[in-house]
Amino acid sequence: GLFVTDYFTRTPRKLSPFRSFASIELFHFHIPEDTVIAVWNLITFKEQGGTFGDQCPDRSITVYFRSGAPSVINPLHTHFPRDTAVPGSFALTLTWTLPNRTTGVFNVTSPLPGDWFLAAHLPKDEGKISVKGLYEECQYLFQPQLIVQRLVNIAVLYPGHVTEQNMAPHNRSCLYKVFVPSYTSRVLVEVLRCRGAEGCPLWLRVRAKAPPLHNSTTLDCREHTPCQLAQDLPFWQHWYYVLVEKHPGVPGTVSFQVTVQLTDCSRPSLARPPFLPSSASMNMPHSFGSAGGLALGDSPPPTSPNDTKHPVSIPVTSHTGERCWPVRPTLRNELDTFSVHFYIFFGPNVSVPPDRPAVFVINLLPVLDSGGVLNLELRLNVSSLCGENVTVFGCLNHEVPLTSSDNTSVTCETESLAGFLLSVNATASLSRLRIPYPQTGSWYLSLRSLCATEHGFEPCTNVTAEVYLRAYLSPCINDCGIYGQCKLLRTNNYLYAACECKAGWNGWGCTDNAEAFSYGFQLLSTLLLCLSNVMFVPPVAIAVRSHYLLEAAVYIFTMFFSTFYHACDQPGIVVFCIMEYDVLQFCDFLGSLMSVWVTVIAMARLQPIVKQASVLYLLGAMLLSMALQMDRHGLWNLLGPSLFALGIMAVAWTARTIRRRHCYPPTWKRWAFYLCPGALIAAAAVLLYAFVETEENYFYIHSIWHLLIAGSVGFLLPPRAKPSRRLGPLPRRKGCGYQLCVNEQEELGLVDPAVASINSICTS
């Protein structure tokens, strides 16, 4: 056949160490129909400071692949919440072949069409808290590229018609496809009138949604006569691909006929009539996808010598399990993103009769609904059992309801169909099922009631069970509980939700407490971070005693907001917020930097040099507010104003040293007992903050940071300035001048100016 190659690529993204699904990078691809091979080219490279990161360490990169929905991954091997079904996915680990670049290739033969998702992440690290901009960190960038090769003009088989084919010696196989509409219980493919060199040297393979593989359902026509391959419970509203493959080493031309028979389960004794406007043709797409596509109501296309179609009469045997029951739809009510409720008409209480199942369909929209969690809840009304030992089984299957010929079977899976089982009875009247990141399309829930006996389960008689059914779509499992936060994430135009856990809790729903912080530990960490700010009380007392009232006010501001910011910033349940978190964080950062600013300006003693030294305090407040608004965690936005204040202090001290011709501060005791210890304590605090602090030791390292910074302020704050004894009262200037008369009592605001006596003080 004719192949067409398509190429897709995505923008490189920076990978992060895995902590939860919220830290992974997700890539969305779409594979077209009739694709025979898909090749992912996985490109990974390192960067450091805008250049190639040759010196960066090699860190393994894990990539996950899944069709239909994002992968549900668990690299930390945590526990999933109860009643959670974990769909499978394929994982691939990339290793480095070059110092700064590596490439991996992942091939998928005959991939399923539709949405494919790739998830990539780095291994979990030690959780070091790095200061932004302190050094150039290593970045690991990941870029997937997809190359697909698809067939065009695949021959379409029409149910009930025969297609004749002559396979030339140089051809190895012939590929066909047939569309299976809803309410089809059986697909029967048969090879007729096979003539070759050695009997019928053909293999017959059938697969849903994509061309068959070597492990697909296969039948050797040489060993089976007639050569018939049946598929029970086929997927509704999908293409089925039929591959007729010649045995290797067979010379000459092989001629055969292929026909497909679809059984309508709403009429189990009749075959699907060809080209009639019944339920089959009404569910068929307008274009079959071939060169001469057949529209609804049209007659079959004209025949050709090698590909002939004409009606054929095939006997149909009535199978016991081919009868299907009416499917009750559900009403979709969208409340918010990934917040959808599916209401049952005349529900939510459902009656399950003893002689037939109750079938419901839940339709999940493509792309829109696969990023949440599908929740099902069954609750049995025990009073409706009339004392019988009844168990209601529910089977949730994707794209086709499970109808078993065995009335006592309690399984929800077949060789080609996977499903999820729920059960409720008098002792366990509640059952739940959660499916994170469900595949989109139609999900069918079949409810059956069976009675337990000594010999197992048997059909009940004259007992109609009543079940409360609830189906809904939620962003996360139980909203991630009290130790997690449900985050809505986006990759390009695709939305998905994931939990971000805290306080040592892990898992898909933040329910794994293997490494969780105890309540006592949370209380201790909160008290340490909050009470360590009491160390600012001595600097406040020193500032008030030295008449540094502005500095004392700033220290009080810092102590107050740092205490309540850390009380609100805790990851666990020991949390107390007096304001919004963002306001507390801004005030805490501003108070910390203003404390440094006013302390350094006070150490400069600018009042004798600059008459309006208070302008610098106002300038510092404005500059620091601007820097914090730009980037609250940026290094130079925070370090710049501090270095500017240190520069002002250095200039002031240098000016005094030159003017006095003596080192300033002049006494060695000031250097030995105050300045040097204070500078060392402040340097130790900065080193702890920048290089030692991690997520695990944050609560006590940051508390030590509070103690050291507050202690350094007590050492560095200068003593109160002594009044100069050499300055006496200025002599009264004589001669030409003017006099300014001021009413003393009016200036002091002691009496009413209208009744005040004129006692003036005249100065010149």
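**Helix pairs and disulfides**

Visitor: Is the crossing of helix 3 and helix 4 left-handed or right-handed?
Guide: This is a predicted model. Helix 3 covers residues 537-545, and helix 4 covers residues 549-568. Their axes come within 8 Å. The crossing of the two helices is left-handed.

Visitor: Are helix 3 and helix 4 roughly parallel or roughly antiparallel?
Guide: Take the crossing angle of the two axes, roughly 165°. Angles over 145 degrees count as roughly antiparallel. Helix 3 and helix 4 are therefore roughly antiparallel.

Visitor: Which residues of helix 4 meet helix 3?
Guide: Start from the helix 3 side. Val-537, Pro-539, Val-540, Ala-543 and Val-544 take part there. Their partners in helix 4 are Leu-549, Ala-552, Tyr-555, Ile-556 and Met-559.

Visitor: How many residues of the contact of helix 3 with helix 4 are nonpolar?
Guide: Sort the contact residues by class. No polar residue is counted, and no charged one. The nonpolar count is 10.

Visitor: At what angle do helix 8 and helix 9 pack?
Guide: Helix 8 runs over residues 668-692 and helix 9 over residues 698-716. Their axes lie 8 Å apart. The crossing is left-handed. The packing angle is about 155°.

Visitor: Are helix 8 and helix 9 roughly parallel or roughly antiparallel?
Guide: Their angle is about 155°. The cut-off is over 145 degrees. That angle makes helix 8 and helix 9 roughly antiparallel.

Visitor: How many residues of the contact of helix 8 with helix 9 are charged?
Guide: The contact includes 20 nonpolar residues. It also holds three polar ones. The charged count is one.

Visitor: How many disulfides does the model hold?
Guide: A disulfide is a covalent bond between the sulfur atoms of two cysteines. Here, a pair counts if the sulfur atoms lie within 2.5 Å. By this rule the count is nine.

Visitor: Is the link of Cys-221 and Cys-227 left-handed or right-handed?
Guide: The sulfur atoms of Cys-221 and Cys-227 sit 1.9 Å from each other. Cys-221 is buried at 4% relative accessible area, and Cys-227 is buried at 4%. The angle about the S-S bond is -50°. The link is left-handed.

Visitor: Is the link of Cys-451 and Cys-460 left-handed or right-handed?
Guide: This pair forms a disulfide with its sulfur atoms 2.1 Å apart. Cys-451 is buried at 11% relative accessible area, and Cys-460 is buried at 7%. The angle about the S-S bond is 125°. The link is right-handed.

Visitor: How many residues apart in sequence are the parts that Cys-476 and Cys-486 tie together?
Guide: The two cysteines form a disulfide, with 2.0 Å between their sulfur atoms. The torsion is about 75°, so the bond is right-handed. Cys-476 lies in the loop between strand 32 (465-474) and strand 33 (484-491), and Cys-486 lies in strand 33. The separation in sequence is therefore 10 residues.

Technical notes. Residues numbered from 1 in each chain as written. Predicted model: local features only at pLDDT ≥ 70, side-chain atom pairs only at ≥ 80, totals over all residues. Heavy atoms only, no water. Axes fitted to C-alpha atoms, helices over the stretch in contact; angles between N-to-C directions. Helix = DSSP H or I, 4+ residues; strand = E, 2+ residues; numbered from the N terminus. Parallel < 35°, antiparallel > 145°, perpendicular 65-115°, else oblique. Left-handed = near helix turned anticlockwise from the far one by under 90°. Contact = heavy atoms within 4.5 Å. Nonpolar A, V, L, I, M, F, W, Y, C, P; charged D, E, K, R; others polar. Buried < 20%, exposed > 50% of the residue type's maximum accessible area, 1.4 Å probe, protein only.
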